[in-house]
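Visitor: Could you walk me through this structure, please? I would like to hear about its ligands and then a helix.

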Amino acid sequence: MKKRIVLLPGDGIGKEVIHSAKDVLQAIAEEYNHSFCFETHEIGGAAIDLYGTPLPETTVDACKQADAVLLGAVGGPKWDNNPSHLRPEKGLLGIRKALDLFANLRPIKGFKNLLHASPLKEEVVSGSDLLIVRELTGGLYFGTPSERRDNGNTVVDTLSYTRKEIERIVDKGFQAAQQRRGHLTSVDKANVLESSKLWREVVEEKKAQYPDVAVEHVLVDAAAMKLITNPTHFDVIVTENLFGDILSDEASVLTGSLGMLPSASLREDGLGLYEPVHGSAPDIAGKGVANPVAMILSAALMLRYSFQLEDEAKVIEDAVQSILDTGFHTGDLQVANGRLVGTAEMTKLIVDYIKSQNASKCIASCYY
Ligand SMILES: NC(=O)c1ccc[n+]([C@@H]2O[C@H](COP(=O)([O-])OP(=O)(O)OC[C@H]3O[C@@H](n4cnc5c(N)ncnc54)[C@H](O)[C@@H]3O)[C@@H](O)[C@H]2O)c1
Ligand SMILES: CC(C)[C@H](C(=O)O)[C@@H](O)C(=O)O
Ligand SMILES: [Mg+2]
């Protein structure tokens with residue numbers, strides 16, 4: 001298979017972990033006879049520094065022509081006081097909107113062998129397996145007006161959704177539940193927000209089309225509590241943009257670290273941008289200690305969703321699990337009697353595992 005992949009490293013640890021994803025994909029290409037061609041472009045703070053804008057046209061054009069996009073992370077203190085149109089985060093929101101990536105899938109799976117920050121029993125945490133389907137191109141992030149008035153003393157942000165925007169993401173939630181355990185939790189704030197009332201109406205209307213899915217509505221505050229007190233309750237959560245952002249960082253506690261959570265941002269026709277849930281982590285950037293797993297697992301999602309390479313995606317996921325099982329971990333994770341490694345070492349361990357798996361498959365098939 002021949003594919004063109006655009007890499008958008010961005011800022012901070014984004015620049016570090018994107019190399020890990022590329023190394024892993026190159027190993028997959030070599031071992032499984034694919035041809036992946038990589039092209040790197042700027043976004044976020046790096047693009048502001050070079051081109052005076054967080055999202056250059058050349059970046060948007062390259063992404064539109066690519067078969068898939070991998071993004072590291074954007075942002076950092078260097079640009080924190082910039083005016084809002086010159087914030088790195090504008091580049092991220094801009095590319096999501098320009099590519100119409102309305103469906104953000106954030107799978108969360110408890111890993112065995114990790115010591116969790118959560119007070120829950122190990123078996124509850126490691127047994128958790130849920131998917132957050134986050135609406136990504138609407139809501140408060142994109143509503144207009146969004147401005148300061150009254151000499152800066154009054155602020156306005158607008159939470160706006162059309163019925164169509166809600167319908168398409170709710171469909172994604174139902175479809176994901178059909179492919180998993182058939183349980184959908186729609187998270188809203190329908191006791192207060194008009195947008196959530198319409199959201200709940202749409203879910204109620206849609207459920208007749210998906211009779212094999214059991215649906216419940218949970219208010220976002222209660223959902224936040226349940227997510228870490230009873231995580232195995234959840235299968236698929238579908239929710240609007242800001243709620244999904246907050247709940248997914250919270251859910252990362254179940255995996256041991258924010259550095260473990262991948263995501264896929266998808267358009268209706270399957271074009272995808274794949275990015276870790278975490279940010280540019282300025283506190284550890286440049287030290288070679290970032291956990292590359294979220295980025296590497298995002299590359300696995302790319303193989304699965306954009307290229308339909310399920311076996312190759314699975315090999316990457318198995319490699320990550322196996323290396324963690326062996327006790328290797330980056331500094332953000334705690335493992336009993338584990339062995340602390342940096343970004344490059346962790347990447348190499350995963351790459352070597354992928355190569356060894358394929359080698360043993362070849363030996364087995366020659367032998368029999
Ligand atoms: N998708 C994105 O590009 C994205 C997402 C979130 C935040 N941001 C931006 O990143 C900047 C920093 O934000 P923040 O500090 O609130 O969030 P963050 O996700 O960058 O970091 C939060 C904490 O998690 C740790 N962490 C995150 N990823 C890690 C990894 N892979 N390995 C080890 N530790 C990891 C960090 O060291 C930090 O202590 C801000 O400018 C923010 O806007 C970008
Ligand atoms: C950086 C920020 C704009 C972004 C978001 O809120 O979508 C991030 O937190 C994420 O989760 O991808
Ligand atoms: Mg976030």
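Visitor: Which helix gives the largest share of the shell around ligand 2?

Guide: Happy to start there, with the reminder that this is a predicted model. The shell around ligand 2 includes Glu 89, Leu 92 and Leu 93. Three residues of that shell come from one helix, residues 88-98, and this largest share belongs to H4.

Visitor: Now for H11: why do its buried residues line one face of the helix?

Guide: Helix H11 covers residues 310-325 and reaches 22 Å from its first C-alpha to its last, close to the 22 Å expected. Its buried residues are Glu 312, Ala 313, Val 315, Ile 316, Ala 319, Val 320, Ile 323 and Leu 324. Seen down the axis of H11, these residues line one face because they fall within an arc of 165°.

Visitor: Which exposed residues does the face turned away from the buried side of H11 carry?

Guide: Past the other end of the helix, H11 is followed by Gly 327, with a positive phi near 110°. On the face turned away from the buried side, the exposed residues are Glu 310 and Asp 311.

Technical notes:
Residues are numbered from 1 along each chain as its sequence is written. Chains are lettered from A and ligands numbered from 1 in the order in which they are written. This is a predicted model: local features need pLDDT of at least 70, side-chain atom pairs count only at pLDDT 80 or more; totals for chains, interfaces and linings use all residues. Helices (H or I, at least four residues) and strands (E, at least two) are DSSP runs, numbered from the N terminus. The expected span of a helix is 1.5 Å times one less than its number of residues. A residue is buried if 20 or more other C-beta atoms lie within 10 Å of its own, exposed if 12 or fewer, and partly exposed in between; C-beta atoms are placed from the backbone. The arc is that of the directions from the helix axis to the C-beta atoms. A residue is near a molecule or strand if its C-beta atom, placed from the backbone, lies within 6 Å of it.
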